[in-house]
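User: I'm new to this structure and would like to learn how to read it. Could you take me through it feature by feature?

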Amino acid sequence: MTPNPTSSSTTRNLGIVTILGLGLVVLLGGFLTEPDDLMGDLVRIMYVHVPAAIMTYTGFVVGAIASGFYLWKRSEFADLVAHAAIEIGVISGVLLILTGAIWGEPTWGTYWSWQDVRLVSTLVLVLLYVGYLAIRQLPVDHHVRARRSAVIAIASTIMIPIVRYSVTWWSNRTLHQEASLTDGKLEDLTLFTLMVAIVIGLVAFAWLTIHRFRVLWLEQQVDNVGLAGAIAERRAEASTGVEAAVTAPSANGDPS
Amino acid sequence: MSDLVAILLAWALVIGGLGAYGLWTITRGKALAKLVPEDRQRWMTTETTNTETGKGESA
Amino acid sequence: MTNLDPDGVGEGADDYRELSDLTPRAAKNTATGAKKWVPIAVLGLVIVGLGGIVAQGLVNGTLFFHEVDQAVEERPNLDDERFRMLGIPVEGTVVETTLREEFAVAFTVTFDGVTADVVHIGDPPQLFQPDVPVTLEGRWVNGGAPVDNFVGGVNDGWWFESDTMLVKHDNDYRNDNEERIGEAEERSAEAEERSAEAEERSASE
């Protein structure tokens, strides 16, 4: 089997922990924890919904820190880390919104509510970072792209505290419950399972970010290789053209 | 939608979505690695590089 | 560059084509319009989406939101204006009925000691039950309620006609009813103890 070029011992270990941990979360969250009094088994959606939320926030925070580092040191490495982390944050954010909708329909009575500050602010947050990813795809110079996107990544973090505290600030304007983790209202095994699910989510986040970073690095290298190759080929063509001009003046020196 | 369907759908979306993304990065990495000289895949060529294979054990 | 396939048939064919394209990258991006338009289209959608959310917020902002006590207090000013009301359904008040030939539920909600009678048209959400707060959308109506008497309700002629009900679940995930019952029993036992003590005191005085 050919070795996976974006793997290393670290990512292999992270991958193993993710898969084993996922098995444990399925066992605990799917079977061993008790259903909730009010919403019954639907509470089990929490074990994927909350880790998706943590991964979303982590992606955007890591992205902003890396972007700050880029602006400070002009490090290409930091720029690519920001891209990788934010991309995973956006994917987690979409999954967060989708699992929330699936959970919301049977419990609140609706998939989505435009009056809900938590839901709407989360959508705004994810949309801002979708914009970040789109801006990264515009054909501009690497440095311009990195600088522009770093500023957007940092500016967009303004939404994170709004999303986080919306349920407290506007508690009557949201169907969403307040943070479950910090108020000690969860049962022992439920809390333990949720903690395990969050830790595994973060390990998976690290695994994905490292892999995605390496893919982005390779893409950058391919760009550079492509450019170097094109220059070399042009040089070769130019010298052939000179030879051709010498031997056949009618060709006017155009490369053949 | 029954409760069971909702639970399975939510779990499948998260695990399947992130899993598919992980697989995509690996496939894309493999395709791109063919185009890049190994000395420029720097996480594979640190000071612990294996001189026989040229592959490193670094993180 | 050893895995490239210049014959254009193998796995590396696309890579070869990509690498043997001599046009600089940025120029290539401008040349192949489709690639450039995708991020622009996505950006456009993001901007439209964000604008839409702001517009939606402004529209929603015009819809008043009141807790039951405020809604009752504001009744003279609200007239038949549509607004949202937050309240807690009272145990033992929920009755099935019909309104304009549609299934409906009649019940009473409370907030901060003030109660109001409600008729909600349509199936309530799965989690609708006493003591779990709901947000209702509708308007005040005076008289002509589909039920003669709201069980345990205010019955002053005014009732709230709702067509949208959302359950506001709290984060009190619990899985042992016994514990809740136990706590409730403890509280009632304490109350009994206190009243017994009070009786004793009044008897001795």
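User: What share of the contacts in chain A with a separation of 6 or more joins residues 24 or more positions apart?

Analyst: Two residues are in contact if their C-beta atoms, placed from the backbone, lie within 7 Å. In chain A, 75% of the contacts with a separation of 6 or more are between residues 24 or more positions apart. Please keep in mind that this is a predicted model, where local features need pLDDT of at least 70, side-chain atom pairs count only at pLDDT 80 or more, and totals for chains, interfaces and linings use all residues. Residues are numbered from 1 along each chain as its sequence is written, with chains lettered from A and ligands numbered from 1 in the order in which they are written.

User: How many helices and strands does chain A have?

Analyst: Helices (H or I, at least four residues) and strands (E, at least two) are DSSP runs, numbered from the N terminus. Chain A has 7 helices and 0 strands, giving the pattern α-α-α-α-α-α-α along the sequence.

User: Which residues touch the most other members of the largest nonpolar core?

Analyst: A nonpolar core is a set of buried Ala, Val, Leu, Ile, Met, Phe, Trp, Tyr and Cys residues joined through C-beta atoms within 7 Å. Buried means that 20 or more other C-beta atoms lie within 10 Å of a residue's own. Here the largest core has 72 residues, and those touching the most other members are A:Ile45, A:Val81, A:Ala82, A:Ala85, A:Ile86, A:Tyr129 and B:Ala10. Leaving aside residues up to four places away in sequence, A:Val81 touches A:Ala66 and A:Phe213.

User: How many residues does each chain bring to the contact between chains A and B?

Analyst: Chain A gives 35 residues and chain B gives 30 residues. On the chain A side, H7(A) provides the largest share, 11 residues.

User: Why are H3(A) and H1(B) described by a direction relative to each other?

Analyst: Axes are lines fitted to C-alpha atoms, for helices over the stretch in contact, and angles run from 0 to 180 degrees between N-to-C directions. H3(A) and H1(B) pack at about 175 degrees, with axes 9 Å apart. Angles over 145 degrees count as roughly antiparallel, so H3(A) and H1(B) are roughly antiparallel to each other. Among the residues that meet are A:Leu95 and A:Trp103 in H3(A), and B:Leu9 and B:Tyr21 in H1(B).

Terms used
A residue is buried if 20 or more other C-beta atoms lie within 10 Å of its own, exposed if 12 or fewer, and partly exposed in between; C-beta atoms are placed from the backbone. Angles under 35 degrees count as roughly parallel, over 145 as roughly antiparallel, 65 to 115 as roughly perpendicular and the rest as oblique.
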